[in-house]
Number of protein chains: 2
Amino acid sequence: METIFGTVNNINVNLLPAVNDEHGGVLVQVEAPMEPNVFHYMLQNSITEWKLQGKKGVWIKMPIELANLVEIAVKEGFWYHHAEPHYLMLVHWIADTESTIPANASHKVSIGAIVFNDKRELLVVQENCGRLKGSGIWKIPTGTVEEGESIYEGAIRELKEETGIDTEFVEVLAFRQIPKSFFNKSDLFFLCMMRPLSFDIQKQDLEIEAAQWMAFEEYANQPLIQKDGLSKYIKDLCIAKAEGDYQGFTPIPITSSVIDDHMSSLYFLKHALDQE
Amino acid sequence: METIFGTVNNINVNLLPAVNDEHGGVLVQVEAPMEPNVFHYMLQNSITEWKLQGKKGVWIKMPIELANLVEIAVKEGFWYHHAEPHYLMLVHWIADTESTIPANASHKVSIGAIVFNDKRELLVVQENCGRLKGSGIWKIPTGTVEEGESIYEGAIRELKEETGIDTEFVEVLAFRQIPKSFFNKSDLFFLCMMRPLSFDIQKQDLEIEAAQWMAFEEYANQPLIQKDGLSKYIKDLCIAKAEGDYQGFTPIPITSSVIDDHMSSLYFLKHALDQE
């Protein structure tokens, strides 16, 4: 049989390039521009073939440059799973079984870092942007954990970027959840205790107006720090930690063969379990 | 001056409907189908007008039914911010200043719940789907925290849905971060200690094969629970908790006027600060 693209003996010509995923599905990565009608034809052929093969979830990672193909995929039954600045991930469950497509990410994760040197001085910054710009307030360094990054890696990286200080991660002292902080998405902020490995500050210019080691009392006595709900707790946690009255959650590497096999970190009060 | 849509005296006819956001930007919600050329014309006019008004970020929430308009927005300089099954959020920073558009969500959040009754029996389930289907393993109830939901609300809701048991939230005993668990997105799993307020199990049929109160030793002696990295720690945390040797992070409501004014919860070792 002849088709406009070749014969059925050479069926791959008619199928979109796809790789199998670990869950019985396929991932299509459309990389080069395609004529919409060609894409449509190949998508329909591919779905027929994947159904025959018993595939379940079909994912299409569509670069933003190919936005003209989105409508075609939607017409074929795909819906949106997630998007990042340069691509849109579409998905379609083609099996008769119930969909096991994972929920989309719902939280942005950020860190705040408490770093004391051996003179009981706290590492603090003034920010160049955001609500505190120009306020003169000295605050602990904060930053966003990047996609795919660990919380402890994010804390170490942000401190290095903003202040030039090398640190090692000690523990999570507290965390804050802010539901619906942007659209319907939420924030999780982890307050991290860090141990400095260097002391010479090299501030980053883009986000940071100034950075210094500051006597803890001077930091704590700033009026806004005393007044603000979160800052007051950060101050109290610093004091409790300095006096040895407080233990945070420490990460240890674990895998879980029962659940997912992924490498991961479990954060908990390790100190308490070690006493057993 | 005449335009194809009306006169300049009635300028709103040429602009997309938009509401101001809290950050000096506008949000366009395109709800009804539009001719692509009409959308294109109105988008260009609107951007010109918003630039004159000094607007910064322009957001377009585009329903999946209007996928045919995505390409036009992209050609006008918009990129993707995030997507959910039924819409795509596009964004364009039209000011000359540096963009302060927030990062997209990077983490899915789930909970696992430890619920003991007063006979030291643990609430356990067998799942109908996923890796453990048909395995016969009894495990603690788990579930996904929904968009916009608090961790403690999610834990209470999931327990009620899966087992019919009413509970109150006590504390987070530990959390697990799994970087890059799906595509480049990560998982955060919070292990929650819950206190039961009811005891009569009514299991949900869709996800749950069976649910029961089980003697803790029977749960802990299951071979897979003893072998698995995560399950072993869950077991040890149950024991430490039962013996009074372990304190988790308790949530308290806080706002932070310095940072964002949002209602939020701070989870920390409240017990330790209370002793001060």
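**Aromatic rings**

I began with the ring cluster in this predicted model. Ring pairs join Tyr152(A), Phe169(A), Phe175(A), Phe190(A), Phe249(A) and Tyr267(A) with Tyr152(B), Phe169(B), Phe175(B), Phe190(B), Phe249(B) and Tyr267(B) in a cluster. I noted the rule for a pair: rings of Phe, Tyr and Trp (its six-membered ring) pair if their centres lie within 6.5 Å; planes under 30 degrees apart are stacked, over 60 edge-to-face, and the rest tilted.

How many aromatic pairs does the structure hold over all chains? I found 24. I then looked up the pair of Phe183(A) and Trp59(B): the ring centres are 4.8 Å apart and the planes stand at 70 degrees, so this pair is edge-to-face. The pair crosses between chains, from the loop between β9 (167-182) and β10 (185-196) of chain A to strand β3 (residues 57-63) of chain B. Strands are DSSP runs of E with at least two residues, helices are runs of H or I with at least four, and both are numbered from the N terminus.

Is Trp59(B) buried or exposed? Trp59(B) is buried at 6% relative accessible area, while Phe183(A) is partly exposed at 33%. Buried means under 20% relative accessible area, exposed over 50%, and partly exposed in between (1.4 Å probe, protein chains only).

**Charges over rings**

I found the charged end of Lys61(A) over the ring of Tyr87(A), 4.5 Å from its centre. In chain B, the charged end of Lys232(B) sits over the ring of Tyr233(B), 4.6 Å from its centre. For this, NZ of Lys or CZ of Arg must be within 6 Å of the ring centre and within 35 degrees of the ring normal.

**Nonpolar cores**

Which residues touch the most other members of the largest nonpolar core? I found Phe190(A) and Phe190(B), in a core of 107 residues. Such a core is a set of buried Ala, Val, Leu, Ile, Met, Phe, Trp, Tyr and Cys residues joined through side-chain atoms within 4.5 Å. A second, separate core has 52 residues, including Trp50(A) and Val26(B).

I looked up Phe182(A), which lies in strand β9 of chain A and is buried at 8% relative accessible area. Beyond four places in sequence, the contacts of Phe182(A) (heavy atoms within 4.5 Å) include Lys108(A), Asp187(A), His81(B) and Pro102(B).

Lys180(B) is in strand β9 (residues 167-182) of chain B and is partly exposed at 46% relative accessibility. Leaving out residues up to four places away in sequence, Lys180(B) touches Gly148(A), His262(A), Lys185(B) and Ser186(B).

**Cysteines**

Cys238(A) is buried at 1% relative accessibility.

**Record**

I read in the unreviewed UniProt entry that "domain: Nudix hydrolase" covers residues 106-236 of chain A. UniProt positions are in the numbering used here, feature names are shortened, and annotations may be inferred rather than shown by experiment. Over residues 106-236, chain A is 24% helix and 42% strand.

**How I counted**

Residues are numbered from 1 along each chain as its sequence is written, and chains are lettered from A and ligands numbered from 1 in the order in which they are written. Local features need pLDDT of at least 70 and side-chain atom pairs 80 or more, while totals for chains, interfaces and linings use all residues, and side-chain values use heavy atoms, without hydrogens and water.
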